[in-house]
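User: I'd like a close look at one part of this model, with the surroundings worked in as you go. Could you take me through it in one connected answer?

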Amino acid sequence: MKKKIGLLYGGKSAEHEVSLSTAKAVTQALNFEEYEVHPVFITMDGEWLIGPRLTAPVDTIDQLQFGSNKTPNNMINFIQAHNESPFDVIFPLLHGTNGEDGTVQGLLEVMNVPYVGNGVLASAAGMDKVIMKQLFEIAGLAQTPYIYFTRSEWESDQEGILAKCVELKAPLFVKPANLGSSVGISKAMTREELIAAIKVAFQYDRKIIVEQGVAGREVEMGVLGNDKPRTSVAGEIKPVTEFYDYDSKYKDGSTALIIPAELPDTVVSKMSEMAKSAFKILDCSGIVRADFFVTANEEVVINEVNTMPGFTPSSMYPLLWQHTGVSYPELIDQLIGLALERHAEKQKLQYNKD
Ligand SMILES: Nc1ncnc2c1ncn2[C@@H]1O[C@H](COP(=O)(O)OP(=O)(O)O)[C@@H](O)[C@H]1O
Ligand SMILES: [Mg+2]
């Protein structure tokens, strides 16, 4: 019997396009002998459209964007479709808001359907840079000094907040707490730039974070597993632009990825330990990419974790595993296996007190 898999992609998010490319690549890597593949497309308007079953890999993202049928409540249609003929597993290929933040995971939990990747808590905690950093602190992970504040705090005490920012060493990085893909992030050297950067960040969130800049190389590591996660080789990013911004991530392809990163074993082991510890404190499952800075004197500082990292075959996470000996199709299989394992374990839990 083939496993019925639902690919969930698109989404009401800035990373909509990226998600479509990922979905295309996943159809090209899935074994159609083993899986019955059903596309579930979330439009930019947030409509959930269930497409006809795919019988072969798709060649273009157009094939994945079927027209809107404007049926009201089509998320309910998705739930009904599952009730009539259950999915064996859902593979959410969504990044950013409404996808990587625990909201979709919550729906899948309520439906009690196995799904790939992180659960509600890890997704939500990983999406909020402030919560994430507070957890890293509890885990004793080295990170750059930062402050955070809400819009209303900013409006009532700009001078007080700016005075605190000055205690951090420039350059400062100003970020909305809840977004990914470098959207709304700026680097500020002066007070004027800082104020401008804060205004930009507030366009995207009501809570923002200001960090002390770290002078260092950017190195990332993949984590794969549930209770006993493994880590991949390390990979370095060499952005050509000022920093790793949205365009260098997704548009110009100007960023060089060096895999494995040229680093002493001691640094790589330290990073592996920190990546696993971040995975554990956030209660992650399945997949995480942990991002670090490595300073000139080889100190390792954690920047963030991504609970749904870029997942096209040319993205860092799949490349890291490829260099560790896990091919893209194999990685997909393992992630599906981990999703089923976590779900099966959950079914054994007792929900009443006797
Ligand atoms: N504290 C920092 N010091 C130096 N560079 C930083 C710092 N924070 C962010 N950056 C740069 O900005 C990029 C995006 O920031 P990041 O926090 O990773 O946001 P996102 O969640 O959007 O990926 C990083 O990859 C790095 O190039
Ligand atoms: Mg990042």
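Analyst: Pro260 sits in the loop between strand 11 (256-258) and helix 10 (265-281). In this predicted model, the peptide bond that joins Ile259 to Pro260 is cis, with omega about -5°. A cis bond also leads from Ala170 to Pro171, where omega is near 0°. Pro171 belongs to a loop as well, the one between helix 7 (158-166) and strand 6 (172-176).

Asp283 is not a glycine, yet its phi is positive, about 60°. Glu298 gives you another backbone angle to check: its phi is near 65°, again positive in a residue other than glycine. Glu298 lies in the loop between strand 12 and strand 13 (300-306), and it counts as partly exposed because its relative accessibility is 42%.

Asp283 also has a place on the surface, where it gathers with Asp227, Glu341 and Glu345 in a patch of negative charge. Of these, Glu341 is found in helix 12 (residues 328-347), and its 44% relative accessibility makes it partly exposed.

Gly235 and Glu262 are 27 residues apart in sequence, while their C-alpha atoms are 8.4 Å apart. Gly235 is placed in strand 10, and with a relative accessible area of 0% it is buried.

Strand 10 (residues 230-238) also holds Glu236, which forms a salt bridge with Arg217; their closest N and O atoms are 2.8 Å apart. Arg217 is in strand 9 (residues 217-225), so to speak the other end of a link between distant parts of the chain, 19 residues apart.

Across the whole structure, a search finds 9 salt bridges. One of them pairs Lys207 with Asp128, with 2.9 Å between the closest N and O atoms. Lys207 lies in strand 8 (residues 207-212) and Asp128 in the loop between helix 4 (120-127) and helix 5 (129-138), so this pair ties together parts 79 residues apart in sequence. Both ends are buried: Lys207 has 13% relative accessibility and Asp128 has 9%.

Asp291 forms a salt bridge with Arg289, the closest N and O atoms being 2.8 Å apart. Asp291 counts as buried at 5% relative accessible area, and Arg289 is buried at 11%. Finally, Lys133, Lys175 and Glu211 are joined into one network by salt bridges that share partners.

Notes. Residues numbered from 1 in each chain as written. Chains lettered and ligands numbered in written order. Predicted model: local features only at pLDDT ≥ 70, side-chain atom pairs only at ≥ 80, totals over all residues. Heavy atoms only, no water. Patch = residues over 30% accessible without salt bridge, like charges linked within 9 Å, V, L, I, M, F, W, Y side chains within 5 Å. Areas by Shrake-Rupley, 256 points an atom, 1.4 Å probe, with all protein chains shown as cover. Salt bridge = Lys/Arg side-chain N within 4 Å of Asp/Glu carboxyl O. Lys, Arg positive; Asp, Glu negative; His and termini not counted. Charge placed at Lys NZ, Arg CZ, Asp CG, Glu CD. Helix = DSSP H or I, 4+ residues; strand = E, 2+ residues; numbered from the N terminus. Buried < 20%, exposed > 50% of the residue type's maximum accessible area, 1.4 Å probe, protein only.
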